[in-house]
Amino acid sequence: MPSTTYDFITTPFTANSTGIDRVMDGLRFNFNFAAGTFGLTTPANVPVAFNEAISTVGITIGGTITPTLPTTGGTLPPGVASKVVTFTFCCATAGAPYTNGQQVLFTFSSSGALFLTNAFTTVATTFTVTASNEYVWTDASGLKYSLSLLNGAIREVNLNNAAGTFLGQFNNPVEGSANSSTGNGTNTGSVTAVFGAGPYKLAYTASDGIGIDSRGLVNMTITTDTNGRMTGYDANPSCTTNCERPLIGTNSVAELAGNAIITMGRWNGGTTAGNFFASPAKTFSTTQGFHYIAAVTPSTFPTGVITPYARTASTLPTVDNGSGGTSGSVTGSVSVDYFTDKVAIDVTITLGGVSRRIVSNGAFVTPGNSELTFTRTSGIIAGSIPIPQNGTTCTAALGCNATFRGTIAGNNSGGTRVGLTYVISTTGLNADVIRGAILF
């Protein structure tokens, strides 16, 4: 029988211990699920070596397949884009750069790039799609990481060298970082839907030299886990030195809230991984944190209307030295004047028994006079409002400012939300600076 055309899987044969039936009767398969290995011996007890990268050129079992040339780039499917997955390496062959049992963190960016480990090492910024629907990233040395899916979900990644030789396989995918949320932090809250695909905007505030800022390059990426918690972001995937790519590390996420177009949370109780420029990892107590607003940005924003947004959720207001406790609260609302692209605000932040009311110039009567400006090209809200009022950080003599960074989220179908991060201080460097995030 011709070995290149005989289909022993679907072709009927008699179970009489002759021919193909005799061959099948003598085969012995051995599976070691713990080690992720398998083996096969022939009727003569001869082991068979598997070459998973063997060429199928000239083999027409089950019909003739017209090969399709690989395509480059494109968009990753929903089951892959923005996923952070920890794989376990197995089946290592000679020359493999990984060892059996080694866990490796993969980040599949929505931009199409692939990053490895908590250091966000770039494999490649683009991928190819093969005729068998594998997504392949090739690094500078020629190593090929070939991702295969099962029912649209991530299944495994095969590793081959530049010559096409099989070096091993990454399997047992577990979504999220293997070292995430293992500290002593607090997990609270939930989202009504998993965060959607970008483009994204991000606003954050935190102690330990991070400050308050916003990000929104076209190609920035944000990753979330199955619970909707932000596990990391890459402000600029094309960056190569001192990049801004922090990961959640051992932190938990408190005050989680949001939906498919906007999410909010506070990393706390652990140490970050990845990179925040040239700075070392950042450590937060349960009463400190990295407050964030992550949003999907619509291609267009409303015009010619004034839209009010009531507060729906907020993170615990924290003090930079961790002395704020766990009883803080936020109330209030904002109004976006889409005529002037100004954001009016009236919120009250209570912490340590002291309430600090923050009202923009003109309040909601003339929102176009507000100190907070919304920039359409960047999608970012920014500005500072003076609050000359007594309080822990706002003394009668000095007063203080409330500085905001945020964004307007949307899905191009009429629904919009507003998210703001804030910092209240006299100088921005005090030990008792107050920080937080608010969803409207």
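This is a predicted model: local features need pLDDT of at least 70, side-chain atom pairs count only at pLDDT 80 or more; totals for chains, interfaces and linings use all residues.
Residues are numbered from 1 along each chain as its sequence is written, and side-chain values use heavy atoms, without hydrogens and water. Local features need pLDDT of at least 70 and side-chain atom pairs pLDDT 80 or more, whereas totals for chains, interfaces and linings use all residues.

The sheet is open, with antiparallel pairing and the strand order β14-β13-β23-β19-β18. Strands are DSSP runs of E of at least two residues, numbered from the N terminus, and two of them pair if DSSP finds at least two bridges between them. Because β14 (211-215) and β18 (252-258) each have a single partner strand, they stand at the edges, with one side left without a neighbour in the sheet. From one strand to the next, the twist averages 15 degrees, with axes fitted to C-alpha atoms and angles running from 0 to 180 degrees between N-to-C directions. Six bridges join β19 (residues 262-268) to β23 (residues 290-296) in the antiparallel sense; R266 lies opposite H291 of β23.

The largest nonpolar core comprises 33 residues, and L202, Y204 and F290 are among those with the most contacts inside it. Such a core is a set of buried Ala, Val, Leu, Ile, Met, Phe, Trp, Tyr and Cys residues joined through side-chain atoms within 4.5 Å, where buried means under 20% relative accessible area, exposed over 50% and partly exposed in between (1.4 Å probe, protein chains only). Elements giving two or more residues include β13 (200-206), β16 (230-234) and β34 (434-439); β23 supplies the largest share, six residues.

Elsewhere, F38 is found in strand β2 (residues 37-41) and counts as partly exposed because its relative accessibility is 40%.

Methods
Helices (H or I, at least four residues) and strands (E, at least two) are DSSP runs, numbered from the N terminus.
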